[in-house]
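Visitor: I would like to learn how to read a protein model. Please take me through it one feature at a time.

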Amino acid sequence: MPLLAIASSEEQQCPFAALAADGKLAVIGSNLGRHMGESVSLEVNDRSGQGVNSVRRAGWVLQSEDPSVQDLMLVRAEPILIAPGGSATVTCRAFCVEANDAGPSEGAVYHLGHLASAKLVELAEFINAGKYGDDAVLFSVWTVTGARPISSIPNDDPASEPLRRKVSELTGQAIPWYTVSYDDTRDADHYTNEASAENGRFDFSMANNGVLTIVATDAEGHMLTELGHDRHLGPGDYSMNIALTIKGWKRGTYSIRAYEGGSNLVKRIDFEV
């Protein structure tokens, strides 16, 4: 199958792609049935007769042959060594950059495409230099593309915190106290845009003995649900996990509010859906 044309300025930034554009390599990708992680197998053949000693660059986008299927971005730079006239099959760690397109099926064809945007390249190179789980990487990519908020990046693994800080730097979004999760799919091939749950730590202090009620409210303060039962607490610092189902809630600002004695506001923190 013919290789896609690659702009010369981009070729200079990725020797591997430059070799392919010059006809010295034949490259074709086959999806492994995934839209993240070890997701694409690249078959590389040397056409130059001189062998290949090159590098796959993090931040390069593999373009789906089917325009309705997600393109994938490489986040791992690795050397490729091929003997003269030889071939190699290499597995790519690559992630979807088009959240609203269909997920690839096993065997879906991919071609060398183009260099991603400057911010995505910077993110890919940061990921390449660290060790981050697939879910954290996927939602980091989608946050930088604008398809998801920064709250979608899981924070259950402390090792992912540098990645969240990097995404905050790239997007200008503050790191929130909570995370928002989504249902897996809206059909067999697409991710849903509807948030389903909100989780985070809620820290507060009590100055005196009292009965504490914790509720979720809309922006105007109207109670939507009570979180657990009333708590009889003494003076001190407290921390509790908030696990809130938000499926079907309209987009907007909401609050977690703690009241002592039913009316004395102890603490309020906001979150976005």
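Visitor: Which residues have the most contacts inside the largest nonpolar core?

Guide: This is a predicted model, in which local features need pLDDT of at least 70 and side-chain atom pairs count only at pLDDT 80 or more, while totals for chains, interfaces and linings use all residues. Residues are numbered from 1 along each chain as its sequence is written, and side-chain values use heavy atoms, with hydrogens and water left out. In soluble globular proteins, nonpolar side chains tend to be buried together. A nonpolar core is a set of buried Ala, Val, Leu, Ile, Met, Phe, Trp, Tyr and Cys residues joined through side-chain atoms within 4.5 Å. Buried means under 20% relative accessible area, exposed means over 50%, and partly exposed is in between (1.4 Å probe, protein chains only). Here the largest core has 76 residues, and Phe16, Met73, Leu123, Val141, Phe202, Ile214 and Ile256 have the most contacts inside it. Seven residues, the largest share of this core, come from α4.

Visitor: What does Ile256 touch, leaving aside neighbours within four places in sequence?

Guide: Contact means heavy atoms within 4.5 Å. On that basis, and with those neighbours set aside, the partners of Ile256 include Trp177, Phe202, Ile214, Leu244 and Phe271.

Visitor: Where does Leu123 lie, and is it buried or exposed?

Guide: Helices (H or I, at least four residues) and strands (E, at least two) are DSSP runs, numbered from the N terminus. Leu123 belongs to helix α3, and it counts as buried because its relative accessible area is 0%. Beyond four places in sequence, Leu123 touches Ser140, Val141, Val144, Leu163, Val167 and Leu170.

Visitor: Which residues of helix α5 are buried?

Guide: An α-helix has 3.6 residues a turn, so residues three or four places apart point the same way. In α5 (residues 161–171) the buried residues are Leu163, Arg164, Lys166, Val167, Ser168 and Leu170. Their cover includes α3 (118–128), α4 (134–145) and β9 (178–182). After α5 comes Gly172, with a positive phi near 80°.

Visitor: Is Thr145 buried, partly exposed or exposed?

Guide: Thr145, in helix α4, is partly exposed because its relative accessibility is 33%. Not counting residues up to four places away in sequence, Thr145 touches Val97 and Leu120. Its C-alpha atom is separated by 8.9 Å from that of Lys119, 26 residues apart along the chain.

Visitor: Where is Gln70, and what does it touch beyond four places in sequence?

Guide: Gln70 sits in the loop between β4 (60–64) and β5 (72–74). It counts as buried because its relative accessible area is 1%. Among the contacts of Gln70 beyond four places in sequence are His35, Cys96, Asp101 and Tyr110.

Visitor: Which strand holds Cys96?

Guide: Cys96 is in strand β7 (residues 87–96), and it counts as buried because its relative accessibility is 0%. Its contacts beyond four places in sequence include His35, Gln70, Leu138 and Val141. The C-alpha atoms of Cys96 and Cys14 are 20 Å apart.

Visitor: What is the volume of the largest pocket?

Guide: On a 1 Å grid over the protein atoms alone, a pocket is an open set of points where a 1.4 Å probe fits, with protein on both sides within 12 Å along at least five of seven lines; lining residues have an atom within 4 Å of a point. Grid points are joined across faces, edges and corners, and a volume is the space filled by probe spheres set on the points. The largest pocket has a volume of about 340 Å³. It is lined by 19 residues, and Pro149, Ser151, Tyr182, Glu272 and Val273 are the closest to its centre. β9 gives the most to this lining, with three residues.

Visitor: Which residues lie nearest the centre of the second largest pocket?

Guide: They are Ser152, Pro154, Thr179, Val180 and Ser181, out of 14 lining residues. The second largest pocket holds about 270 Å³ of space. Four of its lining residues, the largest share, come from β9.

Visitor: What is the mean pLDDT of the protein?

Guide: pLDDT is the predictor's confidence in each residue, from 0 to 100. The mean is 91, and 93% of the residues reach 70 or more. Over residues 1–9, pLDDT stays under 50.
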